[in-house]
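Dear colleague,

Please find the structure we spoke about below, and keep it open while you read the notes that follow.

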Amino acid sequence: MRHARLMRGARMKDIAEAAGCSESLVSKIENNKLEPSLQVLSRLCGILGINLRDLFSPEQHDDTIVTRNTQRSVVEMDPLRQGHGIMMERVIPYARGHLLQSNIHVVAPGGSSFGMISHEGEEVGYIISGEIELFVGDKTFKLAAGDTFCFRSEIGHGYRNCGPGEARILFVNTPPTF
């Protein structure tokens, strides 16, 4: 984030004001002293003109066609995004030029996306296993293995594991978000 801010010639104060947060918060995020929520990171990325995926994914080569089960990169959501009990396995390796993004969200019992987020695009999902509550706008849906969903990503959305076991959700969205 610091690099993106400096490349724009922006001061921390300017970014903080535009995001509706304190300069101290931006400083702590840039120096890895604070674990910001996905909502705050999303706002900051929008202001800086970068994508969330740039913060979390090392770029891979465009020639990757097959990724073996044991080779999928994993993004732990707890330390950086405040998504409680969530791990993300990349189905589509991050590479510039991809029009789709796909991840398997592995959600521990009681785990959640920690609030609502919104961003450009469209999402589709398939519940591989477990039970979740999906929040889209002011609606709540209880979903189980085999259920699917699709919505515009500009609508605030989130989810939580409401079942007794781990939930696995296949997400596909376009354009790539993070």
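The crossing of H2 and H3 is right-handed, and please bear in mind throughout that this is a predicted model. Two packed helices are described by the angle between their axes and the distance between the axes. Here the axes of H2 and H3 come within 8 Å of each other, and they cross at roughly 110°. Because an angle of 65 to 115 degrees counts as roughly perpendicular, H2 is described as roughly perpendicular to H3.

If you look at the side of H2 that takes part, you will find Met12, Lys13 and Ala16, which meet Glu23, Val26, Ser27 and Glu30 of H3. Sorted by kind, the residues of this contact between H2 and H3 are 3 nonpolar, 1 polar and 3 charged.

In soluble globular proteins, nonpolar side chains tend to be buried together. The largest nonpolar core in this model has 17 residues, and the members that touch the most others are Met1, Cys21, Ile29 and Leu44. At least two residues of this core come from each of helix H2 (12-19), helix H3 (23-30) and helix H4 (38-48), with H4 giving the most, namely 6 residues.

Cys21 deserves a separate look: once its neighbours within four places in sequence are left aside, Cys21 is in contact with Ala16, Val26 and Leu44.

With best wishes

Technical notes: Residues numbered from 1 in each chain as written. Predicted model: local features only at pLDDT ≥ 70, side-chain atom pairs only at ≥ 80, totals over all residues. Heavy atoms only, no water. Core = buried A, V, L, I, M, F, W, Y, C linked by side-chain atoms within 4.5 Å. Buried < 20%, exposed > 50% of the residue type's maximum accessible area, 1.4 Å probe, protein only. Helix = DSSP H or I, 4+ residues; strand = E, 2+ residues; numbered from the N terminus. Contact = heavy atoms within 4.5 Å. Axes fitted to C-alpha atoms, helices over the stretch in contact; angles between N-to-C directions. Parallel < 35°, antiparallel > 145°, perpendicular 65-115°, else oblique. Left-handed = near helix turned anticlockwise from the far one by under 90°. Nonpolar A, V, L, I, M, F, W, Y, C, P; charged D, E, K, R; others polar.
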